[in-house]
Amino acid sequence: TVVLRSGRPLLGCVAFSSWLPLGEKYPAALGQHGSKAKFLLAHGDADMVVSHEWGERSHAKLQEMGVDSRFVTAPDVGHGADALMLREMLGFLVQNLKQAGTTN
């Protein structure tokens, strides 16, 4: 929620095995730049700590608010990250840094 409530421009956010707490407070709680950040949410479908469904609902809420959000499901992964999620993160970071003109 820090990125969404931010008053500063941020390129984006990567979240593994996470969810959007206080989802009912949005979109009213969006900061000046919150809806401009891009999000990559990646979640294992075997997560026993934070339900995969919570991740999917968070992604849907972000899209409902007009936030650029992508959701990746990692098959048979619990609470944490695997190689698929890390590759997705790397691609997300490289793409967004290039678009922002901060890398070659």
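A search of the whole structure, which is a predicted model, finds 1 cavity of 30 Å³ or more. A cavity is a set of points, on a 1 Å grid over the protein atoms alone, where a 1.4 Å probe fits but cannot get out. The largest cavity has a volume of about 30 Å³, a volume being the space filled by probe spheres set on the points, with grid points joined across faces, edges and corners. Residues are numbered from 1 along each chain as its sequence is written, and side-chain values use heavy atoms, without hydrogens and water. In this predicted model, local features need pLDDT of at least 70 and side-chain atom pairs count only at pLDDT 80 or more, while totals for chains, interfaces and linings use all residues.

**Cavity and pocket**

- The lining of the largest cavity consists of Ala15, Ser18, Leu41, Ala42, His43, Gly55, Ser58 and Phe71; lining residues have an atom within 4 Å of a point.
- Two or more residues of this cavity lining come from each of β2 and α2, and β2 gives the most, with 3 residues. Helices (H or I, at least four residues) and strands (E, at least two) are DSSP runs, numbered from the N terminus.
- By class, the cavity lining has 4 nonpolar, 4 polar and no charged residues. Ala, Val, Leu, Ile, Met, Phe, Trp, Tyr, Cys and Pro count as nonpolar, Asp, Glu, Lys and Arg as charged, and the others, Gly among them, as polar.
- The largest pocket has a volume of about 170 Å³. A pocket is an open set of points with protein on both sides within 12 Å along at least five of seven lines.
- This pocket is lined by 14 residues, and Thr1, Cys13, Trp19, Leu20 and Phe39 lie nearest its centre.
- At least two residues of the pocket lining come from each of α1 (2-5), β1 (12-16), β2 (38-44) and α2 (52-64). The largest share, 3 residues, is from α1.
- The pocket lining has 11 nonpolar, 3 polar and no charged residues.

**Salt bridges**

- Side chains of opposite charge can pair when their charged atoms come close.
- The structure holds 3 salt bridges; a salt bridge is a side-chain nitrogen of Lys or Arg within 4 Å of a carboxyl oxygen of Asp or Glu.
- Glu53 pairs with Arg57, with the closest N and O atoms 2.4 Å apart. Both residues lie in helix α2, 4 residues apart, about one turn of the helix.
- Glu53 counts as partly exposed because its relative accessibility is 39%, whereas Arg57 counts as exposed at 53%. Buried means under 20% relative accessible area, exposed over 50%, and partly exposed in between (1.4 Å probe, protein chains only).
- Lys61 pairs with Glu64, the closest N and O atoms being 3.4 Å apart. Lys61 and Glu64 are 3 residues apart in helix α2, so about one helical turn separates them.
- Lys61 counts as buried at 18% relative accessibility, whereas Glu64 is exposed at 62%.
- Glu88 and Arg70 form a salt bridge at 2.5 Å, N to O. Glu88 lies in helix α3 and Arg70 in strand β3 (residues 69-74), so the pair ties together parts that are 18 residues apart in sequence.
- Glu88 counts as partly exposed at 21% relative accessibility, and Arg70 counts as partly exposed at 43%.

**Surface patch**

- Leu11, Leu93 and Leu97 make a nonpolar surface patch of about 230 Å². Patches are made of residues with over 30% relative accessible area and no salt bridge: like charges are joined within 9 Å, and nonpolar side chains (Val, Leu, Ile, Met, Phe, Trp, Tyr) within 5 Å.
- Accessible areas come from the Shrake-Rupley method with a 1.4 Å probe; for residues, only the protein chains shown count as cover.
- Leu93 is part of helix α3 (residues 83-100) and counts as partly exposed because its relative accessibility is 37%.

**Loops and backbone**

- Most residues other than glycine have a negative phi, and most peptide bonds are trans.
- Tyr26 and Pro27 are joined by a cis peptide bond, with omega about 10 degrees. Pro27 is in the loop between β1 and β2.
- Ser17, in the loop between β1 and β2, has a positive phi near 50 degrees. Ser17 counts as buried at 6% relative accessibility.
- Asp76, in the loop between β3 and α3, has a positive phi of about 60 degrees. Asp76 is exposed, with a relative accessible area of 71%.
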